[in-house]
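Q: I would like a close look at one part of this model, taken slowly and with the cut-offs spelled out. Please start from the structure shown here.

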Amino acid sequence: MKRVMTWVGTLFLMGVGFSAQSQDVNYLDSQMKETKKRQASFVRELTELGNDTYSARITSADGWVKCEGIYVFLEGKFMEHGEFVFYYPSGQIESKGKYEYGVKVGSWERYTTGGTRKADRFYDPESANLIRNVMKQ
């Protein structure tokens, strides 16, 4: 009986810990822009990590994971900022790399649908500043 009570108590405490985490759900169109639920192609689930930083998982309407990564909430909107992994509908990795405030930076690993490594793509961090400036206008 003591073990059962310990187990139940542990589950209760774990549940309290999980419920304390803030979660947010957003709906995205095919271009990954926020939209209304009935027009959505994807669902973005955000879990707060602290300091306006969130882990995210984006899934399609039929349930495959499109990508996982880190967002920040800045200037009233969510922006990709950190490591990201994108997947094919098969579950294979399509690409992985880093975002800085909504723009891809550095080397991104890329893969074929069969999992074979393709040539990396490099996104110049200096160009990222120019892109962000254009996005603000």
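Is Glu 109 buried, partly exposed or exposed, and what is its relative accessibility?

A: Glu 109 counts as partly exposed, at 25% relative accessibility, where buried means under 20% relative accessible area, exposed over 50%, and partly exposed in between, computed with a 1.4 Å probe on protein chains only. The model is a predicted one, in which local features need pLDDT of at least 70 and side-chain atom pairs count only at pLDDT 80 or more, while totals for chains, interfaces and linings use all residues. Residues are numbered from 1 along each chain as its sequence is written, and side-chain values use heavy atoms, with hydrogens and water left out.

The side chain of Glu 109 meets that of Lys 96 in a salt bridge, at 3.8 Å from N to O; the term stands for a side-chain nitrogen of Lys or Arg within 4 Å of a carboxyl oxygen of Asp or Glu. Because Lys 96 lies in strand β6 (residues 93–100) and Glu 109 in strand β7 (residues 103–111), the pair ties together parts that are 13 residues apart in sequence. Strands here are DSSP runs of E with at least two residues, and helices are runs of H or I with at least four, numbered from the N terminus. Lys 96 is likewise partly exposed, with 30% relative accessibility.

This pair belongs to a network of salt bridges that links Lys 96, Glu 109, Arg 117 and Asp 120.

As for the surroundings, β6 and β7 are part of an open sheet of eight strands in the order β1-β2-β3-β4-β5-β6-β7-β8, with antiparallel pairing, two strands being paired if DSSP finds at least two bridges between them. The edge strands are β1 and β8 (117–123), each of which pairs on one side only. Neighbouring strands of this sheet are turned by 20° against each other on average, direction ignored; the axes are lines fitted to C-alpha atoms, for helices over the stretch in contact, and angles run from 0 to 180 degrees between N-to-C directions.

The structure holds five salt bridges, and one of them joins Arg 44 to Glu 34, with the closest N and O atoms 2.9 Å apart. Arg 44 is buried, at a relative accessible area of 4%.
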